[in-house]
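Thank you all for coming.

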2 protein chains.
Amino acid sequence: MTAPADSTLTNHEIDAVASAAAAAAPLWATTHPAQRAAALVAAASALEQSKAELVRIAMEETALSETRLVGELNRTAVQLRLFAETILDGAYLDVRIDQLDPDFVLGPRPDVRRYLVALGPVVNFAASNFPFAFSVAGGDTVAALAAGCPVIVKAHSGHPRLSALTAKVVATALEGAGAPAGTLQVIYGQARGVAMLEHPSIKAGSFTGSIRAGRILSTVAASRTVPIPFFGELGSVNPVFVTAAAIAERADAIAEGFVTSVAGSAGQLCTKPGFLFVPSVQALAGMIAAAASAAPEQRLLNPSIAEAYRARRDAILGASGVSTVSEGSLRIDADGQGWATPTIVSTAAANLVRERGALLDEAFGPLSIVVEYSEANDLTELAAQLFDGNLTGTVHLADNENTPALGDLIDWLTDHVGRVLFGGWPTGVAVTPAMQHGGPWPATSNDSSTSVGTAAISRFLRPVAYQNAPQARLPEPLRDDNPWGVPQSISPAGESRSWGARA
Amino acid sequence: MTAPADSTLTNHEIDAVASAAAAAAPLWATTHPAQRAAALVAAASALEQSKAELVRIAMEETALSETRLVGELNRTAVQLRLFAETILDGAYLDVRIDQLDPDFVLGPRPDVRRYLVALGPVVNFAASNFPFAFSVAGGDTVAALAAGCPVIVKAHSGHPRLSALTAKVVATALEGAGAPAGTLQVIYGQARGVAMLEHPSIKAGSFTGSIRAGRILSTVAASRTVPIPFFGELGSVNPVFVTAAAIAERADAIAEGFVTSVAGSAGQLCTKPGFLFVPSVQALAGMIAAAASAAPEQRLLNPSIAEAYRARRDAILGASGVSTVSEGSLRIDADGQGWATPTIVSTAAANLVRERGALLDEAFGPLSIVVEYSEANDLTELAAQLFDGNLTGTVHLADNENTPALGDLIDWLTDHVGRVLFGGWPTGVAVTPAMQHGGPWPATSNDSSTSVGTAAISRFLRPVAYQNAPQARLPEPLRDDNPWGVPQSISPAGESRSWGARA
C-alpha cells in the first residue's frame with residue numbers, strides 16, 4: 001500500500017469526504033422511512049434511465065457482455081427497490097418493548113425499549129467483477145443506505161469512469177429525493193481507501209475481493225484506536241458433489257449446467273464451481289468437452305486478473321496427475337488483456353489431496369477441476385480434508401436418493417458453507433429476503449451476515465435501548481402509538497409469573 | 001501473559017477440553033429445542049438447590065454481601081429460564097423462506113430458506129464482579145448454550161472454588177437433562193484462556209473485564225489463522241446529567257439514589273455512574289455527604305482491584321481543582337484486601353476538561369465525581385469533549401421538561417451509549433428481552449449486540465441458506481409443516497410484480 005505522492009492533499013481530501021459523510025449521517029439516519037425508501041426508488045429509476053450510457057461505459061471498461069451488464073444493472077435497480085420495501089416494512093429495526101412490570105420476578109422491571117440504529121458512515125470497497133451489483137450502487141452500498149448510513153465507495157480501479165458516472169447518477173437522484181449532500185460519495189485509489197478505513201468518522205467497512213487484501217483491510221479495521229466491524233467477502237471454490245444416481249438420471253444436463261456455470265462471465269464469479277466431484281470422469285468428459293469447446297472466447301476483466309489467471313492455470317495444468325478434459329485457451333494481448341475459453345481438467349480425489357498445494361486455491365477465471373471419487377461414502381471425509389469455509393456447497397442427487405452418507409455430507413456442508421444447494425448451480429445469486437451470501441473463513445471475514453439479500457441491512461446497525469423514557473422522547477418505532485406501523489415485539493407485564501425463581 | 005511451567009501438559013489439557021467441546025457441538029446444536037430448553041431449566045433449578053453452598057463460597061471468595069449474592073444467583077437462574085423461553089419461541093432463528101417464484105422480476109427465483117445455526121464451541125472469560133451473573137453460568141454462557149454452542153469458561157481467578165462448584169452443578173444438571181458431555185467446561189489461568197481462544201475448535205469468544213485485557217484478547221481473536229468474533233465488555237463511566245429543574249423537583253431523591261448506585265457492590269459495577277453533572281454542587285453536596293458517610297465499609301473483590309482502586313482514588317483526590325464532598329476511606333489490610341466507604345468528589349466542568357488525564361478513566365470502586373456545569377445549553381458539547389462510548393447515559397429531567405438543548409443531549413447519548421435512561425440509575429440491569437448492555441468502544445469491543453438480555457443469543461449464531469432442498473432434507477424450522485411452530489417470515493411467489501424493473 002504505497003502512499004500517493006502528495007499525502008497532504010490526500011489527507012485533506014480524505015478529511016473533506018469523511019466530514020461530508022459525518023455531516024450527512026444524523027440527517028440521513030433520521031430521514032423519515034418513507035422518504036428514505038423513496039430516495040432508493042429514485043436511485044433505481046435514475047440508474048435505469050441512464051442504462052444505455054452506463055452499460056456502454058461498463059462494456060468498455062470491463063469487457064463483460066451487454067446481456068450480462070444489462071441484467072446486472074436491472075438486478076441493481078431491483079435491489080434498491082427491494083431495500084426500499086425493507087425500510088418500509090420496519091421488521092429490520094428489531095423493535096423490542098418490555099412493559100413496566102412492578103411484579104417482575106427479580107424486582108420491579110423498568111419500561112425498556114430497544115431497536116437498531118444506523119452505525120454512521122461506511123466505507124465500501126467495490127469489486128472488479130460486478131461493476132454494478134457489487135460496486136458504487138451495489139449490495140453493501142444499498143444495505144448501508146437503507147440502514148441510514150452514508151456511504152463512501154472506494155471505486156475499483158477496473159472501472160473508474162463507470163464508478164464516477166454511477167456515483168453522479170445515484171447521488172443526484174438521492175439528493176433530489178431529499179437525501180443530504182454527502183450521503184453517497186466515491187473515492188479512488190488503494191491508499192485513499194485504507195486512509196478512509198482508518199478515519200475516525202468511519203464506523204464500518206465492507207469489501208469484496210481477495211483473501212490477501214481482505215485480511216490486510218480487516219487487520220486495519222481491527223487495529224484502529226477505535227476498532228470497527230469489517231465485512232469482507234473473500235475467496236471461495238464452491239465444491240459440487242454429484243452422485244452416480246444423479247449422473248444416471250441426467251448426465252447431459254449436469255455436464256451442460258456445469259460448463260455454463262464455469263464459463264459465465266468468464267468464470268470471474270465468487271460462486272463459480274471450482275470443483276465437481278463425480279464417480280466417473282469418463283461418464284461426463286465427452287459432454288463437458290463438447291460444451292466447453294463451444295463456449296466463445298471472452299476477455300478477462302483486467303490485466304492483473306489475466307496475469308493471475310495465467311499463473312493459476314499454468315500451475316494447475318502442470319500439476320502432477322492432472323488430465324485435460326477441455327484445454328481451452330488463454331492469450332494475453334499487447335495491452336496485457338487476457339482472452340480465454342473454458343479450461344476443464346480432471347484428477348483423482350487422492351491426487352487432489354496429494355497436490356493440494358497446486359490445485360486447491362481459487363482460480364479466478366473460466367477453469368474448473370473435475371474430481372473423480374471412488375467411494376461415495378468417503379465424500380464427507382474428503383471434503384473435510386480439502387476445504388475450509390466456502391460461500392456455497394452443492395449436491396446433485398437423484399430424485400428421492402437417500403443414504404446416511406449423504407446426510408453426513410449435507411451436515412458437513414451446513415457447517416462449512418453459507419448456502420447449500422440441492423441441484424442447480426451456485427452462480428446467479430438471487431437477491432431476495434432469504435438469500436445468504438457469506439460463509440465461514442476464508443469465504444468471508446465475518447460470517448455473521450450476508451452481502452446479498454435484504455438481511456444485509458443488519459451489518460450496518462447497532463442496538464440502543466431507552467429506559468423509562470417519556471413517550472414524547474422516544475423514537476417513532478418505539479412509541480405506543482407506533483406511527484410508522486413497524487412490527488413491535490412486546491413483553492407484557494406479568495409474563496414472569498410462570499417462570500420466576502421457584503426455589 | 002506468561003506460559004504455565006509445563007506447557008506440554010497444558011497443550012494436552014487445552015486440546016482435550018477443546019476436543020470435548022467440539023465433540024459436543026453437533027449433538028448440542030441439534031438437540032430438540034424442548035430438550036435444550038429443559039436442560040437450561042434443570043440448570044436453573046440445580047443452582048437454586050445448591051444456593052446455600054454456592055452463596056457461602058461466593059461470600060468467602062468475593063466478600064460481596066449475602067443479599068447481593070442471593071439476588072445475583074436468583075437472577076442467574078431466572079436468566080436460564082428466560083433463555084429457555086427464547087429457545088421455545090424460536091423467533092431468534094430468524095427463519096426466512098423465499099417461495100419458488102417462476103415470475104420473479106429478475107428471472108425464476110429458487111426456493112431459498114435461511115435460518116441461524118450455532119457457531120460451535122465458545123470460550124467465555126468470566127468477570128470478577130459478578131461471580132454468578134457474568135461467570136460460569138452467566139449471561140454469555142447461557143446465551144451461547146441457548147444458541148446451541150458448547151461453552152468453555154475461563155474462570156476468573158477471584159473465585160476459583162465457586163467456579164468449580166458452579167460448573168459441576170450446572171454441567172451435571174445439563175447432562176442429566178440430556179446434554180452431551182462437554183457442553184459446559186471450565187478452565188483456569190490466563191495463559192490457558194489465551195491458548196483456548198487461539199484453538200482451532202473455538203468459534204467465538206466473549207469477555208467481561210478491562211479495556212487493556214479486552215484489547216489484547218480481541219487482537220488474539222482477530223489474528224488467528226481463522227479469525228473469530230470476539231465480544232468484549234470493557235470500560236464505562238456512565239455519565240448522568242441532571243437539570244436544575246430536576247434538582248428543584250427532587251434534590252433529596254437524586255442525592256440518595258446517586259450514592260446508593262455508587263456504593264452498591266462497593267462500586268464494582270460496570271454501570272456505576274462515574275460522573276454526575278449538576279448545575280450546582282452546593283445544592284446537593286450536603287445530602288450526598290450525609291448519604292455517603294452513612295454507607296458501611298465494604299471489602300473490595302480482591303487485592304489487585306484494591307491496589308488499582310487505591311491508585312485511581314489517589315490520582316483523583318490529588319488532581320488539581322478537585323474538592324471533596326465525602327472523602328470516604330480506603331484501607332488495605334495485611335492480606336492486601338481493600339476495605340472502602342464511598343468517596344465522592346466534585347469539580348467544575350472546565351476543570352474536568354483540563355484535568356481529563358487524571359480524572360476521566362474509570363475508577364473501579366465506590367468513587368464518583370460530581371461535575372458542576374454552568375450552562376445547560378453546553379452539555380452536549382461538554383459530553384462530546386469528554387466521553388467516548390459508554391454502556392449507559394442518564395438524564396434526570398423535571399416532569400415535562402423540554403428544551404432543544406435537551407433534545408441534542410439525548411441525540412448525542414443515543415449515538416454514544418447502548419442504553420439511555422430517563423431518571424433512575426444505570427446499576428441494576430434488568431434481564432429482559434429489550435435490555436441492551438453494550439455500547440460503542442471502549443464500552444464494548446463490538447457494539448452489534450448485548451451481553452444482558454435474550455438478544456444476546458444472536459452473538460453465537462450464523463446464517464445458513466438451503467436452496468431448492470427437498471422438504472425431507474430441510475431442518476425442522478425451515479419446513480413447510482413447521483413441526484417446531486417457529487415464526488417463519490415468508491416471501492410469497494408473485495410479490496415482485498409491483499416493484500420490478502420498470503424502465
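Predicted model: local features only at pLDDT ≥ 70, side-chain atom pairs only at ≥ 80, totals over all residues.

Before I quote a figure for burial, let me say how the word is used here: a residue counts as buried if 20 or more other C-beta atoms lie within 10 Å of its own, with the C-beta atoms placed from the backbone. By that criterion, 58% of the 503 residues in chain A are buried.

Let me begin with the overall build of one chain. Chain A contains 15 helices and 19 strands. Its radius of gyration is 25 Å, close to the 23 Å that the globule rule gives for 503 residues, so chain A is as compact as a globular protein of that length. Along its principal axes, the C-alpha trace of chain A spans about 75 × 65 × 40 Å. If we take the contacts in chain A between residues at least 6 apart in sequence, 77% of them join residues at least 24 apart.

How, then, can chain A be laid on chain B? A turn of 180 degrees, with a shift of 0.0 Å along the axis, places chain A on chain B with an RMSD of 0.0 Å. The two copies are thus related as by a two-fold rotation axis. The same surface serves both copies, in that 100% of the contact residues of chain A recur in chain B. Of the residues of chain A, it is Ala222(A) that comes closest to the rotation axis, with its C-alpha at 3.6 Å.

Turning to the contact between the chains, 66 residues of chain A are in contact with 66 residues of chain B. On the side of chain A that touches chain B, those residues divide into 32 nonpolar, 19 polar and 15 charged.

Strands also pair across this boundary. Strand S17 of chain A, residues 417-422, runs parallel to strand S18 of chain B, residues 461-467, and three bridges join them; within that pairing, Val420(A) has Tyr466(B) as its bridge partner. In the other direction, S18(A) pairs with strand S17 of chain B, residues 417-422, again in the parallel sense over three bridges, and here Tyr466(A) stands opposite Val420(B).

Seven of the seven residues of S18 in chain A are buried, so the strand is largely enclosed by the rest of the structure. Both of its faces are covered, with Leu461(A), Pro463(A), Ala465(A) and Gln467(A) buried on one side and Arg462(A), Val464(A) and Tyr466(A) buried on the other.

The corresponding part of chain B can be approached from a loop. Leu119(B) lies between strand S2 (112-118) and strand S3 (122-125) of chain B, and Leu119(B) is buried, with 24 other C-beta atoms within 10 Å. Leaving aside neighbours within four places in sequence, its contacts are Cys149(B), Lys203(B), Ala204(B), Phe460(B), Leu461(B) and Arg462(B).

Finally, some backbone details. As background, most residues other than glycine have a negative phi, and most peptide bonds are trans. In this model, the peptide bond from Trp441(A) to Pro442(A) is cis, with omega near 5 degrees, and Pro442(A) lies in the loop between S17 and S18 of chain A. The bond from Trp441(B) to Pro442(B) is likewise cis, with omega near 5 degrees.

Ser265(A) has a positive phi of about 55 degrees although it is not a glycine, and Ala266(A) also has a positive phi of about 55 degrees.

Conventions
Residues numbered from 1 in each chain as written. Chains lettered and ligands numbered in written order. Contact = placed C-beta atoms within 7 Å. Nonpolar A, V, L, I, M, F, W, Y, C, P; charged D, E, K, R; others polar. Pairing = 2+ DSSP bridges. Helix = DSSP H or I, 4+ residues; strand = E, 2+ residues; numbered from the N terminus. Rg over C-alpha atoms; globule rule 2.2 N^0.38 Å. Buried ≥ 20, exposed ≤ 12 C-beta atoms within 10 Å, placed from the backbone. Least-squares fit on C-alpha atoms with pLDDT ≥ 70 in both.
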